[in-house]
Amino acid sequence: MANEEDDPVVQEIDVYLAKSLAEKLYLFQYPVRPASMTYDDIPHLSAKIKPKQQKVELEMAIDTLNPNYCRSKGEQIALNVDGACADETSTYSSKLMDKQTFCSSQTTSNTSRYAAALYRQGELHLTPLHGILQLRPSFSYLDKADAKHREREAANEAGDSSQDEAEEDVKQITVRFSRPESEQARQRRVQSYEFLQKKHAEEPWVHLHYHGLRDSRSEHERQYLLCQGSSGVENTELVKSPSEYLMMLMPPSQEEEKDKPVAPSNVLSMAQLRTLPLADQIKILMKNVKVMPFANLMSLLGPSVDSVAVLRGIQKVAMLVQGNWVVKSDILYPKDSSSPHSGVPAEVLCRGRDFVMWKFTQSRWVVRKEVAAVTKLCTEDVKDFLEHMAVVRINKGWEFILPYDGEFIKKHPDVVQRQHMLWTGIQAKLEKVYNLVKEAMPKKPDGQSGPVGLVSGDQRVQVAKRQAQQNHALLERELQRRKEQLQASAVLPGVRIKEEPMSEEGEDEEEREAEDEEEPMDTSPGGGLHGGLANGLPAGRAAGGDSFNGHPPSGSASTPVARELRAFVQATFQKQFVLTLSELKRLFNLHLASLPPGHMLFSGISDRMLQDTVLAAGCKQILVPFPPQTAASPDEQKVFALWESGDISDQHRQVLLEIFSKNYRVRRNMIQARLTQECGEDLSKQEVDKVLKDCCVSYGGMWYLKGTVQS
């Protein structure tokens, strides 16, 4: 730099910003013309503009006396356009092409960086341009010539037709009414090219008056290109700090600000995302990523975010699958939406995607054809579901996209238990919708509980031994208490109370330990809904009577857990009156899912505890004679009914339950006759309808107890 010659300042020029024509000044770019001729020398016949579209149309005269003008060609064009007859509608009244039309088109939508400069007396005056338009010749006269040619051909064909025809044949006219236009069809029509062209054509032309270069009005308007204020008031925008001057040189794009989405998307920066509430951040991240480990989510949200608040928020928008979080189906497919492939409603899509998610809670692998066969959805929809959460493996199927997150399972058992209850309710719903056969469900999934060595078989045997030793005395006392209750309970004739098989009183502790040692323990990573692992925890906890975490199965009725469980059972049967064990367990799982994490009922409630609480709450088990070919599961064949609720319908319900203890399905006239016989002739139709509504459902002209009908 030292060796280079200095570049001295030769002259300093004051720059002024003129704003009088800032919103009115346009730059027109004309086609190439001879250097000796300016467009001001050509007469401008007319000018018009469409301000909204910034579209200008100019009509200029053609010098027909110029030696370069081909007169024969001009006459031929005029003849093709207007024909032999000249009238008021003729384009070329002189029967010669003596004018030409120029139409404009925008060269750029952003003209903020362009200005018109005028140098005068050592001063440079700048005026911002409002628009830059390129004027090109318009050949619309050719279209008019083609239209004239078609009209002449049509007239000739009409003249050649027979003139002897008296009148045309009567033709049948079919009237059709258009269907109501949907909102989606209307949006597509509004955004179509034809609609936009039609809207542009509807804008009226505004006729302008052209003033030549030497016209006095032009000279007057040209003065506005000079800065009007001599005191420099209008030039304050040119006196800026360096940062302000840089902002003026590189302003933010107005179009980008206008098109910026209201809510962040996958192209939004993390800085903008973190300005939103935490719940919105979690929802947007999960909607875009779809599957994410909890550790990754915390790293994206930042170190200052509370993990407890994130856990609370993630459960509202995602479900736990193999220790990872998968966005809920209703987030991806909101209400009133439909599939872009098949057009099926969002409700059907959510149900199908929930089935895929549930399959991944049972296994690492899913076969697409099996999913399509169950959900009855098209291949494209099923493929979308799988691509959200899995990757395809050749000759194997679709594997869940993320590895099992055992660390999250160990660290957050309450969240895992809550999610397990939610999945239990979802599976019960899927079983009814898709008519799933429980025997055909996967019994030993291979990806839900992580590596097989996580909990070995020996460890589980030792845990079972310790629990048996600790709970042996409690189990003996509970056995004696239940027998006393059963002996003291009064059973009406004809109603059989089904008792669960219990252990023999003479079975001692050594025999229990021997059975534990001889019986093979299931060390598979998971099981079905009622016998395996779901999200890392046993689904059917303590099916034999002891809870998973060491709590006694029934315990004293005065414990807080027993009181809470009994309150739930009483409230449920006061509303339902008749429930199968499977339906009661489903309602209990939904109740658990609505409880806050760490609630006392999460301590582990076995099926035996639930049944004992039902019997202790004034309910009785009715042994319904199911048909031999029934498809009902054992839990669906266990029917419990509220025996005494304290209202006047207790006697009617007891008679009805006695009928169903001998019959699987009954006709209404038989029920009516039995109730009249037992309760008297004054039984009204409304009372019979109330009893049937409380306890039964009608199907195919027959009445069944609730939950026992098999469609």
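Mentor: Start with a rule: two strands pair if DSSP finds at least two bridges between them. Keep in mind that this is a predicted model.

Trainee: In what order do the three strands of the open sheet with β10, β11 and β12 stand?

Mentor: The order is β10-β12-β11, and the pairing is antiparallel. An edge strand pairs on one side only; here these are β10 (291-292) and β11 (318-321).

Trainee: How many bridges join β10 to β12?

Mentor: Two bridges join them, and the strands run antiparallel.

Trainee: What lies in the loop between α9 and β10?

Mentor: Look at K290, which is placed in that loop. K290 is not a glycine, yet its phi is positive, at about 75 degrees.

Trainee: Now helices. What describes two packed helices?

Mentor: The angle between their axes and the distance between the axes. Apply that to helix α9 (residues 278-289) and helix α10 (residues 294-301): their axes come within 11 Å and cross at roughly 125 degrees. Therefore α9 and α10 are oblique to each other. The α9 and α10 crossing is right-handed.

Trainee: Which residues in α9 and α10 meet?

Mentor: From α9 come L278, Q281, I282 and L285; from α10 come L297, L300 and L301. By class, the contact of α9 with α10 has six nonpolar residues, one polar and no charged.

Trainee: At what angle do α13 and α14 pack?

Mentor: Helix α13 (residues 346-362) packs against α14 at about 135 degrees, and their axes are 10 Å apart. That makes α13 oblique to α14. The label of roughly antiparallel needs an angle over 145 degrees. The crossing of α13 and α14 is right-handed.

Trainee: Which residues in α13 and α14 meet?

Mentor: On the α13 side, G352, F355, V356 and K359; on the α14 side, E370, V371, V374 and T375. By class, the contact of α13 with α14 has four nonpolar, two polar and two charged residues.

Trainee: How far apart are the axes of α14 and α15?

Mentor: The axes of helix α14 (residues 368-375) and helix α15 (residues 379-389) are 10 Å apart, and the packing angle is about 120 degrees. So α14 and α15 are oblique to each other. Their crossing is right-handed. R368, V371, A372 and T375 in α14 meet T379, V382 and L386 in α15. By class, the contact of α14 with α15 has four nonpolar, two polar and one charged residues.

Trainee: Where does K376 lie?

Mentor: K376 is in the loop between α14 and α15. Its phi is near 60 degrees, a positive value in a residue other than glycine.

Trainee: Back to strands. How do side chains run in a regular strand?

Mentor: They alternate between the two faces of the sheet. Now pick out bridges. Strand β4 (residues 55-61) and strand β5 (residues 99-106) pair in the antiparallel sense over five bridges. Within β5, T101 is the bridge partner of E59. β5 also pairs with strand β8 (residues 131-138), antiparallel, over six bridges. There, S105 stands opposite Q134 in β8.

Trainee: And what is the order of the open sheet with β18, β19 and β20?

Mentor: Those three strands run in the order β18-β20-β19, with antiparallel pairing. The edge strands are β18 (578-580) and β19 (619-622), since each pairs on one side only. The twist averages 30 degrees from one strand to the next. Four bridges join β19 to antiparallel strand β20 (residues 639-642).

Note on methods
Residues numbered from 1 in each chain as written. Predicted model: local features only at pLDDT ≥ 70, side-chain atom pairs only at ≥ 80, totals over all residues. Heavy atoms only, no water. Axes fitted to C-alpha atoms, helices over the stretch in contact; angles between N-to-C directions. Parallel < 35°, antiparallel > 145°, perpendicular 65-115°, else oblique. Left-handed = near helix turned anticlockwise from the far one by under 90°. Contact = heavy atoms within 4.5 Å. Nonpolar A, V, L, I, M, F, W, Y, C, P; charged D, E, K, R; others polar.
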